[in-house]
Amino acid sequence: MPYPLENPPHAFSILAGREVSTWSEEWKHECEVRFLAGLPLRERTDALDGVKDGLRGMKSIRGRRGRPYPR
């Protein structure tokens with residue numbers, strides 16, 4: 001399979017409100033949000049703060065901005 005695909009598959013993104021490429025940053029963000037939304041509160045907090053495995057959490061990587069991604 002060539003990288004990147006010439007014609008990548010598309011899926012509907014709730015965040016974008018339209019179909020996006022499954023290889024796009026928009027789809028990556030959608031998947032991250034769905035993953036975090038599905039976690040119990042304690043696990044979500046740990047993922048954001050970086051408690052699990054001693055890795056940096058999302059807050060330390062992206063900062064404490066109101067939006068996780070600048071527009």
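The chain comprises three helices and two strands, where helices (H or I, at least four residues) and strands (E, at least two) are DSSP runs numbered from the N terminus. The order of the elements from the N terminus is β-β-α-α-α. The model is predicted, so that local features need pLDDT of at least 70 and side-chain atom pairs count only at pLDDT 80 or more, whereas totals for chains, interfaces and linings use all residues. Residues are numbered from 1 along each chain as its sequence is written, and side-chain values use heavy atoms, with hydrogens and water left out.

Of the 71 residues, 20% are buried (under 20% relative accessible area; exposed, over 50%; partly exposed, in between; 1.4 Å probe, protein chains only). The chain exposes about 5,900 Å², of which carbon and sulfur atoms supply 57% (Shrake-Rupley method, 1.4 Å probe).

Four salt bridges were found in the whole structure, each defined by a side-chain nitrogen of Lys or Arg within 4 Å of a carboxyl oxygen of Asp or Glu. In helix α1 (residues 25-38), Glu-25 and Lys-28 lie three residues apart, about one helical turn, and their side chains form a salt bridge at 3.6 Å, N to O. Glu-25 is partly exposed at 48% relative accessibility, as is Lys-28 at 40%.

Also in helix α1, Arg-34 and Glu-30 are four residues apart and form a salt bridge with their closest N and O atoms 2.9 Å apart. Arg-34 is partly exposed (46%), whereas Glu-30 is buried (2%).

In helix α2 (residues 41-49), Asp-46 and Arg-42 are separated by about one helical turn and are joined by a salt bridge of 3.5 Å, N to O. Asp-46 is buried at 18%, while Arg-42 is exposed at 59%.
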